[in-house]
Amino acid sequence: MNLWDYVRLRHDRPFREFLKHLVDYKHLKGAALDITKMILAGDSHKLSIKQAQVFRDFVYYKYYNKRCRKCKKSIYWDEMSEALYNGYLCGKCYWGYEE
Ligand SMILES: [Zn+2]
C-alpha cells in the first residue's frame, strides 16, 4: 500500500470504529492521537507526509497490522478491539475453537 492508502482506510467502517476505539479508550497520545482525531474528523487532506507516516507507523502498524500471536493468521477487523486486550489473539485462538 502507498502511504496515503493507510489514511484512506478511514472510509472502511470497521477501521473507523477501530480508530474511534483507540481514541476513546486512550491508547493513543501525542501526535498519533492528534493525527487520528484529524482523520476521524475528515481533515485527512490537511495531513503532511510526515503526519501520514506517523499515522502509518504509530497507529496502523502499531495497533492494527498484527497477526494472531498463536496461529499467525491475520486478525479480523471486528476482532481487533478485543485483540488489543487479549495479547493479539484471533477469535478462534482466544475462544479455543478449531477451524
Ligand atoms: Zn489465532
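First, some housekeeping. This is a predicted model, where local features need pLDDT of at least 70, side-chain atom pairs count only at pLDDT 80 or more, and totals for chains, interfaces and linings use all residues. Residues are numbered from 1 along each chain as its sequence is written.

Let's start with the domains. The protein splits into domain 1 (1–65) and domain 2 (66–99), with bounds from an automatic or database domain assignment. Their C-alpha centres are 21 Å apart. Eight residues of domain 1 are in contact with six of domain 2; contact here has C-beta atoms, placed from the backbone, within 7 Å.

On the domain 1 side, α2 (13–24) and α4 (49–64) each supply at least two of the touching residues. Helices are DSSP runs (H or I, at least four residues), numbered from the N terminus. The most comes from α2, with four residues. By class, that side of domain 1 has five nonpolar, three polar and no charged residues. Ala, Val, Leu, Ile, Met, Phe, Trp, Tyr, Cys and Pro count as nonpolar, Asp, Glu, Lys and Arg as charged, and the others, Gly among them, as polar.

Now, staying with α2, let's look at its packing. α2 and α3 (residues 30–40) pack at about 140°, with axes 10 Å apart; axes are lines fitted to C-alpha atoms over the stretch in contact, and angles run from 0 to 180 degrees between N-to-C directions. So α2 is oblique to α3, oblique being whatever is left after under 35 degrees (roughly parallel), over 145 (roughly antiparallel) and 65 to 115 (roughly perpendicular). Arg16, Leu19, Lys20, Leu22 and Val23 of α2 meet Leu33, Thr36, Lys37, Ile39 and Leu40 of α3. That contact has six nonpolar, one polar and three charged residues. Thanks, everyone!

Notes:
Two residues are in contact if their C-beta atoms, placed from the backbone, lie within 7 Å.
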